[in-house]
Amino acid sequence: MSARERFDEAYYRRHYRGPDRVHSASQVGRLAAGVAGLADWLGVELRAVLEVGAGPGYWRSWFRRRRPAVRYVSTDVSPFACERFGHLLRDISAWRPRGTFDLVVCQGVLQYLDDRRAARAIANLAAASRGLLYLEAVTRHDLDEVLDAERSDTAIHARTGAWYRAALDPHFVQVGAGLWAARSAGIPLYELEGAPVHSTLRRQSSAASAGSQAARFGRTGLQES
Ligand SMILES: C[S@@+](CC[C@H](N)C(=O)[O-])C[C@H]1O[C@@H](n2cnc3c(N)ncnc32)[C@H](O)[C@@H]1O
């Protein structure tokens with residue numbers, strides 16, 4: 001089935017209106033506020049944000065209201081969503097943006113791609129990231145243990161969390177709660193802030209952060225503003 005057929009008007013009606021909706025604009029607004037707040041805390045200034053698979057555009061609405069100076073690029077593969085909600089028509093498995101972004105948002109998208117396309121999409125997300133990635137992708141575990149199958153779209157590629165971690169690990173350090181820090185950004189994390197750090201990685205990450213303006217020191221200064 002093509003993206004045009006799959007992500008049509010009926011898809012957005014079912015998942016964003018009525019009793020089966022996945023989330024509301026205000027729920028996503030609270031998530032966006034949390035992510036933007038953590039970015040501030042970690043010393044990542046949000047000047048440019050990329051969202052892929054933006055659907056109804058709830059993240060963009062929050063940024064437009066609360067962070068109007070941010071340059072926001074929203075994309076989707078669905079011709080219907082692009083026309084209705086005003087995104088660029090882009091397939092993240094085939095498109096690599098020219099520039100880089102302080103925050104990349106990819107919520108509820110990768111489970112729709114087969115392994116080969118999902119791996120390419122993660123490489124493209126990584127190439128676009130110079131700060132943080134917010135990622136939500138439903139896994140096999142989530143299908144079995146977390147989601148309400150009656151209300152969720154279960155016609156997806158359910159992979160293991162380990163599959164995603166292996167694809168993300170060369171590019172990102174896991175911060176937690178869906179946030180990943182681009183390794184190239186050298187964001188200094190306290191040991192217990194993120195995923196377990198192995199000694200080689202710790203040495204690499206200290207070397208990267210030594211030259212970074214976001215040194216731990218600077219982060220405490222952020223509380224003053
Ligand atoms: C479950 S919706 C999530 C929408 C939004 N991110 C949210 O969380 O509300 C999945 C979205 O991913 C888009 N999508 C699926 N495959 C994509 C791809 N290869 N590239 C870009 N967007 C894609 C769909 O068109 C759809 O809008």
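This is a predicted model: local features need pLDDT of at least 70, side-chain atom pairs count only at pLDDT 80 or more; totals for chains, interfaces and linings use all residues.
Two residues are in contact here if their C-beta atoms, placed from the backbone, lie within 7 Å.

Helix H4 spans residues 58–66, and its buried residues are Tyr 58, Trp 59, Arg 60, Trp 62 and Phe 63. An α-helix has 3.6 residues a turn, so residues three or four places apart point the same way. The cover over the buried residues of H4 includes one helix, H3 (25–42), together with strands E1 (48–52), E2 (71–76) and E4 (101–107).

Strand E4, part of that cover, is itself a buried element. Seven of its seven residues are buried, so E4 is largely enclosed by the rest of the structure. E4 pairs with E1 through four bridges, the two strands running parallel. E4 is also joined to strand E5 (residues 129–136), again in parallel, by six bridges. Val 105 of E4 gives a point of reference in both pairings: Glu 51 stands opposite Val 105, and Val 105 stands opposite Tyr 134 in E5.

Helix H6 (residues 115–128) makes a right-handed β-α-β unit with E4 and E5.

Around the ligand are 19 residues, of which Phe 7, Gly 53, Gly 55, Ser 78 and Gly 108 come nearest. Sorted by class, the shell around the ligand consists of 11 nonpolar residues, six polar ones and two charged ones.

Technical notes: Residues are numbered from 1 along each chain as its sequence is written. A residue is buried if 20 or more other C-beta atoms lie within 10 Å of its own, exposed if 12 or fewer, and partly exposed in between; C-beta atoms are placed from the backbone. A residue is near a molecule or strand if its C-beta atom, placed from the backbone, lies within 6 Å of it. Ala, Val, Leu, Ile, Met, Phe, Trp, Tyr, Cys and Pro count as nonpolar, Asp, Glu, Lys and Arg as charged, and the others, Gly among them, as polar. Two strands pair if DSSP finds at least two bridges between them. A crossover is right-handed if, with the strands pointing away from the viewer, the path from the first strand over the helix to the second runs clockwise.
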